[in-house]
Every structure is written in structure tokens, then in C-alpha cells.
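Dear colleague,

Please find below the structure that I am handing over to you. My notes on it follow directly after the sequence and coordinates.

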Amino acid sequence: MKQYVLRRVALAVPTLFLVSIIVFLLLRLMPGDVATRMVEGHAYAPTLAALRHDLGLDRPMHAQYAEWIGNIVLRGDFGRSYWTRQPILDEFVRRFPVTLELALLTILVSVVIGVLVGIVSAARQDSLSDYVGRVLSIFALSVPYFGLAVVVVVLPAIWFRWTPVWTYVPFTVSPAENLKIMLIPALVFGVTRAGPIMRIMRSSLLDVLRQDYIRTAWSKGLSERRIVLRHALKNALIPVISLVGLQMPLYIGGSVIIEAIFRLPGVGLFFFEALGKLDYPVVQSVNLIIAAMVVCLNLLIDLSYAFLDPRIRY
Amino acid sequence: MPSWTRGSATKLGEELRLSAERRGYAPSDSPADGRRAPDGALLPASPQDPKARAKPALEAARKSRPWYLDVWVQIVRRKPLGTVGGAIVVLMLAGAVLADLIAPYGYAQTSLRERFVAVSAEHWLGTDQLGRDLLTRLLYGARVSLYVGFGAVALGSTLATLVGVASGYFGGRFDLLLQRAVDAWMAFPPLLLLMSIMSLLGPSALNITVVLGLAFGVQNSRIVRAVALSLKEHTFVESARALGSGHVRVTVGHILPNVLPTIIVVATTGLSTVILTEASLSFLGLGVPPPYPTWGGMLSLAGLDHMYQAPWLAVWPAVALSLAVFGFNMLGDALRDLLDPRLKGG
């Protein structure tokens, strides 16, 4: 187990190193010049050359890269925004709870809906409820979340004169107010993500329900509820967990759009605004931090299999 | 190109599917009534038996149709949802191709006297804030979705095949290095990476097609690699090598035809994802620039204020996008069930 974790961490280091090179090069090789825009549009410095020198853009590329990555590795310093001169990590940490809460609520919504409908579908295969569940999952798979989000913002406003709350309240200030704000975005996003979970829950539970140990459980005279929920569900959940893990990057990517629509001050919005202003350090560092999180998360998910299925050992 | 290699791939798929049906995994939208394919002769052989898997289908009953035509007949016969999906795709294609002929107005034709018309005889789906006909714009929007979708998937499938087959077939250090690069690429949340690239390249139809194609190719090279890896061990590859075929002949003549069904499945199931991603980028203003209409762009936040006045501005593009994704999903699922059931459940 310990060895396995160590090996995985050792593999993650070169991956993240490559990630950092990819983002860095992408931003430098592409057209578009942040200095010109800052001087001409916003008069950040008297001349272009002065600003380039200030930002360190006049130095060779490898030196810029070495400085960026060196500061991260040695001092945990992710650099400062070109425009606001604020430390990126502070801003990230301040905004991360919003994105995390959105992601967790979304996962909660999609897993609860997906697993419940999946269980009913599998336990009552080919019944009316199975049919309804399957149609629902196809529906959820097809509706784009941002389309649904726009419709959810617009239609209730016209029909009931009701609009989502636009001013964000942190969870620590008022949990009730905060949940009221987060509920609609999480529901919209979660419902559209529930489709694949429903499908995989159904097929995996059907698979498990046909195994020998389930037949043994039936012949012992156990109730259906006990067999499905206690004996079969735990094993059937493994593919569901790996699906949620695999979809984690999608939750994070989608949060950019959801945060933009519902005006939530999260990391996604921070990233989107930085992109619009060609704020290289912010785009680089946020990409890198999130990639690192995805890598860690994948490891945690792999380890959780051992907990769910004692036959799996690392 | 020997024809039996192609036959053996569909045969393998068919066999796995039938054995799955026997174990009770009916494909979700087909009745498990045990209908047998014309070549059910191989059924007694267990699919787990490596000899049976690798055995070229020399003794197979000769099909009257080649597999790439037979698949469509099978879909219409056995996959009602796949047929519906296919019909939607055909309709969308027709709308996009014939947009110039059937669209009642020009896509940028404004009419300030007819702003925010809801539904009328002249404007079936209403008009927007500049009096542009929504139906016309949806038809032209289908063009963008399909152009970007098919373009990116074609580019991406080619890339995935090249990278996947090369990586899987040659293996070794080459494979190791290439796969670490793929690992790094896949560690990014796809949307963040695509947004970064698109905002720097600038929005245009060509840019978004190339970028989405690149992303699609890198991601799916894994699947192609896995298939190529397993094909490499088959005896027909060994015998081809023993007969003196070079690497080019083996990969192009033997591996490629057998990877083809997998690639078709990956491409069709991927189309809906690519179309959706294009729409989300256009939604953020990073896709195809206005005034050319795109479904994502029509939904976008820029028009939100107008949507309160005219909710159909939000509803119709959302419906069009959902229908398109539904159509490609169902068609892709049906093709996958018939061509390569090993990819199911992912």
C-alpha cells in the first residue's frame, strides 16, 4: 500500500512538470501581447519597453520559466497577477471555497439522483419505472447544462417574476443564505451530470445482481431490500465512483460557465477574467494548481477502491 | 488489403455482443429476444477462448453485404432509438447543407420593424432583438456545429489512429515517452485548456476545429492504442510477420483494418461531445465569431437581457442543441453496440 502510494506520487511529479511546460509554452507561443494591451488600453507604464522590463517579459524564455517554476517549488510562491499585482495563491485560496462548494453540491445532486434512479431501474428491470428512468437518463445526457442554466434563469423570471439571488454570501457568514444561492446552480449542473451516473449504476447493479453470491443471499431467504442495498450495492458502486472521478475535470471546467452565468465569485470566474486580460501568470498557475488537484484526486479515487472492495490490495 | 481481417473484427464484436446477451446484458434499447446474427455458427465457442478469438473468419458464412453497409441495416432493424438518432442527424445534415435554399431569410438580415416577434406565419420560431429570423439562424447554426464537429472528429480520429497505432504497435521507449505526454495533456480539465488556447489564437471556425481536433485525437489515442496493443499479439499478425511483411505492411494492411470499427465507434460517440464543447466555447465568446450564427453563441450571456423580453431566444437554440446531441448520442450508442461492445459502459 505504502509502496503503491509512493510510486504513484513519483509518477505524478514528471507529469506535473510536463503540464507546467505545456501551459508555459502555449501562452508564450501564441499570438497576443499582454504588454501592448496594458500600455495602449490602460496606460500601465510610460513605454512598452519599461513595462516589459517590469514584468520580466524582456528576459529569455527559459529564464522566465525557471523563475516561475523555481518560485513555486522552493517558496510556494505562484507569482502575481500582471494587472492587479496581487499574489495569485491568495486570490485562489479566497475563491476556492466557492468552486469547491459548487462542485461538491453538484456531485451530491448528480450522485443522489443517478444512484437512486439507477437502483430502481436495475431492481425493477424492464418495468415502467425502469423505462422512465432510462428515458430520463437519455434526456439528462442530451441537454447542455449551460442551455438549461440560461433557460432556468430566464423562464421563471418571466413566469413568476422570480430570479436567482445575484449577490453572493459566503457560507461562513450565513449558511442558509449561501445554500439558497448555490442550490439552483448545483441543481442545474447536477441534473445534467446525473445521466451517465444513472446509466452506469443500472448496468453495474444488473451485473452484480446476477452473481452467485446474490443467488446465495436469495436462497438464505433475505429480503430484497437487504440484498440490493446491503449485498449488491457496495460492489456495484465501484464503477460509479471511478466515473465520478473521471468526470472531476468536467465539473471543474463546467464551473467556469456556471459561475459566469450565476455570477458566483469562484476560481472559474477568476480564470475566465484572467484569460480575457491575457494575464499569463494567473492562467499558468491556476491551470497548474488544478491539474495537480486532478492528479491527487485520481490517486485518492484509486485508493478508495481498496476500501470498497476488500479483494483489491495495493 | 485482405478482406478476412475486416470480417474477423466485426465477427469478434458480434460474438461478444451475443455472449453478453446470453449472460443477460441486453443492450439497453434492444429486446433480448435472442435473435441471432446470420453468422451465429460460431456461438458454441466461448469468447474467452483465445483461439476462437484469434481465429480468422475464413469459415464464416459469406455475408451478402459488406459490414459497413450491414451495420446500417442492423440499426434500423434492431435499434429503434438508434434509428431515431440517425433520422435526427440526417435532418440536421439536410438543414445545414440546404440552408441557402430553404432558409426563409438571410442569417444576418435585420428588420427593425419586426423585432422580438414571438411566433408568426412569416417567422415560425420568432425573431431576435435585430429582427433576424430565428429559424434561419438555427439552420445556419447547424452548419457551424456540423462543420466543426465533423472537421474536428475527422482530424482527431486521424491523429488518434496515427498516435495510437504507432504507440501500441512499436511499444518500448517510444510508447513510454508518448504516453507520459498524453498523461500530462489529460491532467488538464479539458475546458480550461481549450479556453486558454482559443483565447490566445482568437476565435474563428478554423481555429476551433483544429484545437478541438487536437484535443479529441490526444484523448482517444489511448483507446486506439489499447486495441492495437491487443491486436499485435494475435496470430495473424505473427504469421504476416513470418511471411516477411514489413512494419508498414503489417500496420496498414492488418492492424489498421481491425482498428477501424473501434475508430468509427469512437468518432460517432465523440461527435456529440465535440459539438457540445464547440457550443460551450461559442457560449463564452471563444468559438466562431459573430455575426455568423452558432447555437452556443445564440444562447450566450451577451443576449441575456434580451431573453427576458423574448424567452424563445434562449429556448430554441437550447432545444436544437439538445436534439443534435441526443441524435448523435443515440446513433453512436447503436453503432457501438453493433461494432465494438467492448467499449460499452465507459
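**Findings**

Leaving aside residues up to four places away in sequence, Val98(A) touches Leu264(A), Pro265(A) and Gly266(A). Please bear in mind throughout that this is a predicted model. Val98(A) belongs to helix H5 of chain A. It counts as buried because 24 C-beta neighbours lie inside 10 Å, the cut-off for a buried residue being 20 or more. Between Val98(A) and Ser255(A) there are 157 residues in sequence, with a C-alpha to C-alpha distance of 10.0 Å.

**Chain A as a whole**

Chain A contains twelve helices and zero strands, so that its pattern along the sequence reads α-α-α-α-α-α-α-α-α-α-α-α. The C-alpha trace of chain A spans about 85 × 60 × 35 Å along its principal axes. Of the 314 residues in chain A, 37% are buried. When contacts in chain A between residues at least 6 apart in sequence are considered, 71% of them join residues at least 24 apart.

**H5 and H10 of chain A**

The crossing of H5(A) and H10(A) is right-handed. By class, the contact of H5(A) with H10(A) comprises 13 nonpolar residues, three polar and no charged.

**Helix H1 of chain A**

Helix H1 of chain A covers residues 2-29. At 1.5 Å a residue, its 28 residues should span 40 Å, and the 41 Å between its end C-alpha atoms agrees with this. The buried residues of H1(A) are Val19(A), Ser20(A), Ile22(A), Val23(A), Phe24(A) and Leu27(A). Their cover includes elements of both chains: helix H4 (61-75) and helix H12 (280-308) of chain A, together with H7 and H8 of chain B.

Ala12(A) is also in H1(A). This residue is partly exposed, because 19 other C-beta atoms lie within 10 Å. Ala12(A) and Val295(A) are 283 residues apart in sequence, yet their C-alpha atoms are 6.9 Å apart in space.

**Two loop residues with positive phi**

Arg85(A) is not a glycine, although its phi is positive at about 65°. Its place is the loop between H4 and H5 of chain A. Leu278(A), likewise a residue other than glycine, has a positive phi near 50°. Leu278(A) lies in the loop between helix H11 (267-276) and H12 of chain A.

**H9 and H11 of chain B**

Helix H9 (residues 205-232) and helix H11 (residues 247-283) of chain B have axes that come within 9 Å and cross at roughly 150°. H9(B) is therefore roughly antiparallel to H11(B), as the cut-off for that description is an angle over 145 degrees. The crossing of H9(B) and H11(B) is right-handed. Among the residues that meet are Ile208(B), Leu212(B) and Phe216(B) in H9(B), and Val266(B), Gly270(B) and Val274(B) in H11(B). The contact of H9(B) with H11(B) has 14 nonpolar, five polar and one charged residues.

Yours sincerely

Technical notes: Residues numbered from 1 in each chain as written. Chains lettered and ligands numbered in written order. Predicted model: local features only at pLDDT ≥ 70, side-chain atom pairs only at ≥ 80, totals over all residues. Axes fitted to C-alpha atoms, helices over the stretch in contact; angles between N-to-C directions. Helix = DSSP H or I, 4+ residues; strand = E, 2+ residues; numbered from the N terminus. Parallel < 35°, antiparallel > 145°, perpendicular 65-115°, else oblique. Left-handed = near helix turned anticlockwise from the far one by under 90°. Contact = placed C-beta atoms within 7 Å. Nonpolar A, V, L, I, M, F, W, Y, C, P; charged D, E, K, R; others polar. Buried ≥ 20, exposed ≤ 12 C-beta atoms within 10 Å, placed from the backbone. Expected span 1.5 Å × (residues − 1).
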